[in-house]
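Hi,

Here is the structure I promised to pass on.

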Amino acid sequence: MYSDIKAAVMGSINMDIILSASRLPEVGENVLGSEYSYACGGKGANQAIGLSRLGAETRMIGKVADDVNGNKLLENLVNNNVDISGISKEGTSTGLAAILIDGEGRNRIIVYESANAEIVPEEAASFITDDIDMLLVQFETREDAVIKCVNTAKEKGIITVVDCGPAKNFALEKMQGITIITPNENETEALTGIFPVDEETALRASEILFGRCSPEYVVLKLGVRGCSVFDGKSIHFLPSYPTEVRDTTAAGDSFTAALALEYKRSGDIMKASDFANRAGSIAVSRVGAQNSMPTAQELLNVQKN
């Protein structure tokens, strides 16, 4: 379905420690956990594997350390058919994320950037070659590296998709004319001061984002409500696909990967956003980050109620 698309992802590569409990503790309180595990993660690596699972030829650009976690993460990317030629092993330590999940599948995440914060902008941008069809970035790495890579891709006429996680203010004005910017609700609030609780606030937030970086489209990820699409003139809302929520950890990354690929394939932002909703619904029904990423056939099989 997407096998003729060549994608690049510049972003974070982390080892995740996943801690589950029926509820999360209050300050000063101890609770008994139900289970814990380790998993390969990082928003950048998650999206790279999401793209690869959907059939795209994918290159990962980032940095790890030459340590146990770093080597395991690289091995996992290779096993998922991701090109790791753009990854440096010269970091001081490999990135780590602690993911706390409550009994309702809601997560809280603490990220230790480590090597991800040591990416050299010019070095990363050198892997964005003319044969790349699209570039995906997130905010889990150095701001100047994100900006450099996005602007390099734009100069080459490459589709640029900016996932705004994790939530923080960011110099969007330095990335004018990107193709798609896609924050979730908390990220939208961090960038605009508006939490999109309804259609009116989603429109106001989208207008602010559009004014800050002049994208072709603003696609807000609205959780169980689905997503919205703003093209600078009007906003449209697409409902989510109902599913049992087990773990929301990689829902946004799965959403972004499907959004980017289907937009490149069809040129239809509404169809792409619908496919992204499908991908998110599959991801939240599974525990873990990268192992929750759907295949193209699974996207086609998802049906609305």
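To start with a question: about how many helical turns separate R278 and D274 in helix α8? The two are 4 residues apart, so the answer is about one. (Helices here are DSSP runs of H or I with at least four residues, strands are runs of E with at least two, and both are numbered from the N terminus.)

Before going further, note that this is a predicted model, in which local features need pLDDT of at least 70, side-chain atom pairs count only at pLDDT 80 or more, and totals for chains, interfaces and linings use all residues. Residues are numbered from 1 along each chain as its sequence is written, and side-chain values use heavy atoms, with hydrogens and water left out.

**Salt bridges**

R278 and D274 are joined by a salt bridge, with 3.2 Å between the closest N and O atoms. The term means a side-chain nitrogen of Lys or Arg within 4 Å of a carboxyl oxygen of Asp or Glu. R278 counts as buried because its relative accessibility is 14%, and D274 is buried too, at 12%. (Buried is under 20% relative accessible area, exposed is over 50%, and partly exposed is in between, using a 1.4 Å probe and protein chains only.)

The count comes to 17 salt bridges. Another one pairs K89 with D66, at 3.5 Å from N to O. That pair links distant parts of the chain, as K89 is in strand β5 and D66 is in the loop between β4 and α2, 23 residues apart. K89 is partly exposed at 35%, whereas D66 is exposed at 55%. R106 and D102 also meet in a salt bridge, at 2.8 Å from N to O, and D102 is buried at 12%.

**Pocket and cavity**

Rolling a probe the size of a water molecule over the atoms shows where empty space is left. On a 1 Å grid over the protein atoms alone, a cavity is a set of points where a 1.4 Å probe fits but cannot get out; a pocket is an open set with protein on both sides within 12 Å along at least five of seven lines, and lining residues have an atom within 4 Å of a point. Volumes are the space filled by probe spheres set on the points, which are joined across faces, edges and corners.

The largest pocket has a volume of about 1,200 Å³. Its lining has 43 residues, and N107, N184, T248, A251 and G252 lie nearest the centre. Among the elements that supply at least two lining residues each are α1, β6, α7 and α8. By class, the pocket lining has 16 nonpolar, 18 polar and 9 charged residues. (Ala, Val, Leu, Ile, Met, Phe, Trp, Tyr, Cys and Pro count as nonpolar, Asp, Glu, Lys and Arg as charged, and the others, Gly among them, as polar.)

There is 1 cavity of 30 Å³ or more, and the largest cavity holds about 60 Å³. Residues lining the largest cavity include I61, S88 and F127. β4 gives the largest share of that lining, 3 residues.

**Helix α1**

α1 is mostly covered, with 10 of its 11 residues buried; K43, N46 and Q47 are among them. After α1 comes G55, which has a positive phi near 110°.

Cheers
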